[in-house]
Amino acid sequence: MKLEGSYAFAASPSVVWERLLDPDSLRRCIPGCRELVAAGPDQWTATLSIGAGPIRGIYGGSVAIRDKQAPVSYVLDVEGRGAPGFVKGSAGITLTAEGAGTRVTV
């Protein structure tokens, strides 16, 4: 499955970048993420509640940031295992200055 989105923020790329690296903000940006606990630099253990149609479950796993190019882009990796099976995905996050604001493309 491929998901794409674009979001506009009324803040500079550096401010948005810092916000997207904050674990609490990051948790709220990841669909179904219930908890993030620091496991190392740019790495967290995670509890995810994810499902498609009638197949839903709770997954324990990890979230990690790689390939950081501040304040322009990074890749967010998510993996999890639970009773229904496993989930794995990556998202490319790109920030672009747009006037006095920032556009974030996922």
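Here is what to select, stop by stop. This is a predicted model, where local features need pLDDT of at least 70, side-chain atom pairs count only at pLDDT 80 or more, and totals for chains, interfaces and linings use all residues. Residues are numbered from 1 along each chain as its sequence is written, and side-chain values use heavy atoms, leaving out hydrogens and water.

Start by selecting residues 43–52 and 55–69: these are strand 3 and strand 4, paired in the antiparallel sense over ten bridges. Strands are DSSP runs of E, at least two residues, numbered from the N terminus, and two strands pair if DSSP finds at least two bridges between them. Click T47 to find its bridge partner in strand 4, G60. In the hairpin of these strands, which has two residues between them, G53 takes a positive phi near 65 degrees.

Strand 4 and strand 5 run antiparallel, joined by eight bridges, and form a hairpin with three residues between them. I65 stands opposite L76 in strand 5.

Is D77 buried or exposed? D77 is buried because its relative accessible area is 18%, and buried means under 20% (exposed is over 50%, partly exposed in between; 1.4 Å probe, protein chains only). Show the side chains: D77 makes a polar contact with R66 at 2.5 Å, that is, a pair of N or O atoms within 3.5 Å, one able to donate a hydrogen and the other to accept it, with residues adjacent in sequence counting only if both atoms are side-chain atoms.

Finish at F9 in strand 1, residues 6–9. F9 is partly exposed, with a relative accessible area of 39%.

Conventions. Helices (H or I, at least four residues) and strands (E, at least two) are DSSP runs, numbered from the N terminus.
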